[in-house]
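Visitor: I would like a close look at one part of this model. Start with a single residue, then show me what else can be read from the fold.

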Amino acid sequence: MTDHAPLDPSKLTDAQLASLTSGGSVWDTEAVGDRLPAIVLSDGPHGLRRQVQGGDALGIGDSIPATLFPPAAGLSSSWDRDLIREVGATLGREAQALGVSVLLGPGINIRRSPLGGRNFEYASEDPFVSGEYGVAFVEGVQSQGVSATPKHFAVNNQETDRFRVDARVDERTLREIYLPAFEAVVRRAKPWALMCSYNKVNGTYASECHWLLTEVLREQWGFDGLVVSDWGAVVDRVAAVAAGLDLEMPPSGTDGKVQDALGDGSLPRADAERAARALIQLEARTRAARLALPPGEVEAAAGSEVALRAARASIVLLDNNGTLPLAPSSTPKLAVIGAFAAAPRMQGGGSSRVMPTNVTDVLSAFEATDFDVRYAQGFEFGGSEFGSDARERNPHALADQAVEMAENADVAVVMVGLPDGAESEGSDRASIDLPWAQVDLLERLIATSTPVVVVVSGGSVVRLGQWRNGAAALVQGWLLGQEGGRATVDVLTGATEPSGHLAETIPLDYADTPSYRYFPGRDQEVVYGEGMFVGYRHYDSAQIDVAYPFGHGLTYTTFEYSDLRVQLQDNGTTAIDVTITNSGGRVGTALAQVYVRQDGDPQSPVHSLRGFERVTLAPSEGVDLRVELDDRAFAAWNVHERRWRTAAGKFTIEVGESSRDIRATAPVHHPGDGLTAPVEPLSTIAEWLSTERGREVLMPLVRKVSDSAGGATAAPEMREMFLQMPLAKLVAFGIGITEADVAAMVAKANG
Ligand code: GLC
């Protein structure tokens, strides 16, 4: 590309503008001669899926080998911002090596239901964890001069009917649950691109929702990147450009519609120029990285090293009776059971599917140790594996062999979980049960006298039956990418200390889940009837038992918390200081989670995670840990005023190792944000009297009404009715106040 001045959209023809609002091919943007080169976009959120011959958005065709990292459901369980940023940076370097300028990730939608087919690609049930994950990931990718693309904006929480479904969500739930992760990423990490979702949001396709793509994203949050559609998400090209969508992918061959709309004036040229400017800016932002390296191969060894550390940190130790960590000296004869031990579950299905540069499995990793290892497949896949009617169809021979092997071992490690295809882009799960053959095998193994260590693989949580009470140890192994096999053995043997924590609650039963009665909707509509009560916000507010709570994760040591201090700061943030001591015999990493609890409002979740910090401590080591809460920690979205408000009142700061393992609390009285809402004609008498200005203006009228009613308004039963009366309604009550009086009072009170 010669050194020209940047392309000026105002100088482009309608035809050129129209062509830039759509891609050049399935993975490339459109070029403009030698003035604007085409740039390459590529999945995905946990590894490059660079396709050079043609390509598909479904994960069907092959791609160039690249490092397969733990998908978000695993990596987010690390709660390690620095590690997530490092994974992002490694992905950025690999994108650059493969000539990719725009990486299509991270996925930061909320894991609303455990049935969600793409939960493996998303970070959490909690918006704060999702936001921290997204910020670190985007910072990492873009540190390499490659654009990240947080997705799918917005409210993409299911795969069922995803191209059409209308997600009906109240605005407070949108603002406090489904948008905050995107808001945090846009405001703090400043992504150069962002992808809209397929679905409708409250009646309008996200790809053509001006409120979402322009008012919220650009005007309120300050987004200054390019908005790209999900592949095939655009329904109306012209409406999409007008709403704030800059780039349709892949091209639908309908540029003529945009050109015609420009020609007849139904599409303002400014909208098309905005889209062109966004693409020109994206090319410029990614040019240095693109020109610095000729497309080649990824640095496989470097990627594997990062992927291994990421996998280790993603593993969550749920339960342990002391059997872990395993040591050949104490349990030399090891039975390794389950198909996943030899054929690991590394990733989910769909557009994020990566061709890994390497694969490690649990069996091989154990065989490389000093254990005396025996392997049994234990179960097989295929056919209808779920539900008890599968009982007859599962060959007992595999289970018989596994049970016999376990009976002759010192310890058994059993790898179970969701088979490939059980969770994928494009479809949701029908149940959260494990395949029956696995449950049957677990029950039989647990019935032996051999300690059984169970490792669960899967991108979303499964129902853990009664067998779990008999397990010697239980590990949530998620999907761990290409190095998951070795990472799992490192944690089970204590070569690596377990440090992961759940970013999604594991419920006892599907019927306990908050969206049980609403997911996945019907008749092309899904109502988010559970509102704000997603994940632990539901279970903890309703005091519903769960298998393992949000934030839960054990280590091989223990921690004590003490001396909690809370300091509200002038800038609206809050400083939380707490002393943490390693009270066990091994080094370990504590994860101090900070929840803000309110007990007065049943319409709001009883507590919400507002901060967290990790700290690694040697035995007996103590530290004073600081956790900063941002200025939204005590806020709620006011749907009438359509802004964030922090009411004065009593709250409790909770600090602990999970949403139900609170180690220290401290009361805090928040003075509120001091904002006063302007009074309106329909403001109630109580609202008028709640501000000094309002009282000053209103009191003469209150006295007049009270006198004319002979003081009746002071009677208790009348008082509340009077206070709840909108001022303007008094006009109809013949007390001598007119609409003009009301208007004058409103003007005077609002000054
Ligand atoms: C897919 C996915 C999206 C992906 C895109 C390109 O349908 O929804 O996450 O980045 O299309 O493959």
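Visitor: Where does Pro106 lie?

Guide: The model is predicted. Pro106 sits in the loop between β2 (102–103) and α4 (127–142). The peptide bond that joins Gly105 to Pro106 is cis, with omega about 10°. Leu324 and Pro325 are also joined by a cis peptide bond, and there omega is about 0°. Pro325 belongs to the loop between β8 (316–320) and β9 (333–337).

Backbone angles pick out two other loop residues. Follow the chain past α4: the loop between α4 and β3 (166–168) holds Val155. Val155 is not a glycine, yet its phi is positive, about 60°. Its relative accessibility is 3%, which is under the 20% cut-off, so Val155 counts as buried. Ser620 also has a positive phi without being glycine, and the value is near 70°. Its loop runs between β20 and β21 (622–629). Ser620 has a relative accessible area of 61%, over the 50% cut-off, so this residue is exposed.

Now the ligand. Ligand oxygen atoms lie 2.6 Å from a side-chain N or O atom of Asp43, 2.8 Å from one of Lys151 and 3.3 Å from one of Arg162. On its own the ligand would expose 310 Å², and the protein buries 99% of that.

Next, the sheets. Strand β3 takes part in an open sheet of 4 strands, ordered β6-β5-β3-β15, with mixed pairing. The edges are β6 (204–205) and β15 (525–527); each has a single partner strand, so one side of each lacks a neighbour in the sheet. β6 pairs with β5 (residues 200–201) in the antiparallel sense, over 2 bridges. There, Lys200 has Tyr205 of β6 as its bridge partner.

Strand β12 (residues 452–457) is mostly covered, with 6 of its 6 residues buried. On one side these are Val452, Val454 and Val456; on the other they are Val453, Val455 and Ser457. β12 has parallel pairings with two strands. β11 (residues 411–417) is joined to β12 by 6 bridges, with Ala412 opposite Val452. β13 (residues 473–478) pairs with β12 over 5 bridges, and Val456 stands opposite Gln476.

Last, one more loop. Asp599 is found between β19 (588–597) and β20 (607–617). Its relative accessible area is 54%, over the 50% cut-off, so Asp599 is exposed. The Asp599 side chain makes a polar contact with the side chain of Arg597, at 2.9 Å. Asp599 and Thr652 are 53 residues apart in sequence, but their C-alpha atoms are 8.5 Å apart in space.

Back to where you began. Pro106 is a loop residue between β2 and α4, and its bond to Gly105 is cis.

Notes. Residues are numbered from 1 along each chain as its sequence is written. This is a predicted model: local features need pLDDT of at least 70, side-chain atom pairs count only at pLDDT 80 or more; totals for chains, interfaces and linings use all residues. Side-chain values use heavy atoms; hydrogens and water are left out. A polar contact is a pair of N or O atoms within 3.5 Å; within protein, one must be able to donate a hydrogen and the other to accept it, and residues adjacent in sequence count only if both atoms are side-chain atoms. Accessible areas come from the Shrake-Rupley method with a 1.4 Å probe; for residues, only the protein chains shown count as cover. Two strands pair if DSSP finds at least two bridges between them. Buried means under 20% relative accessible area, exposed over 50%, partly exposed in between (1.4 Å probe, protein chains only).
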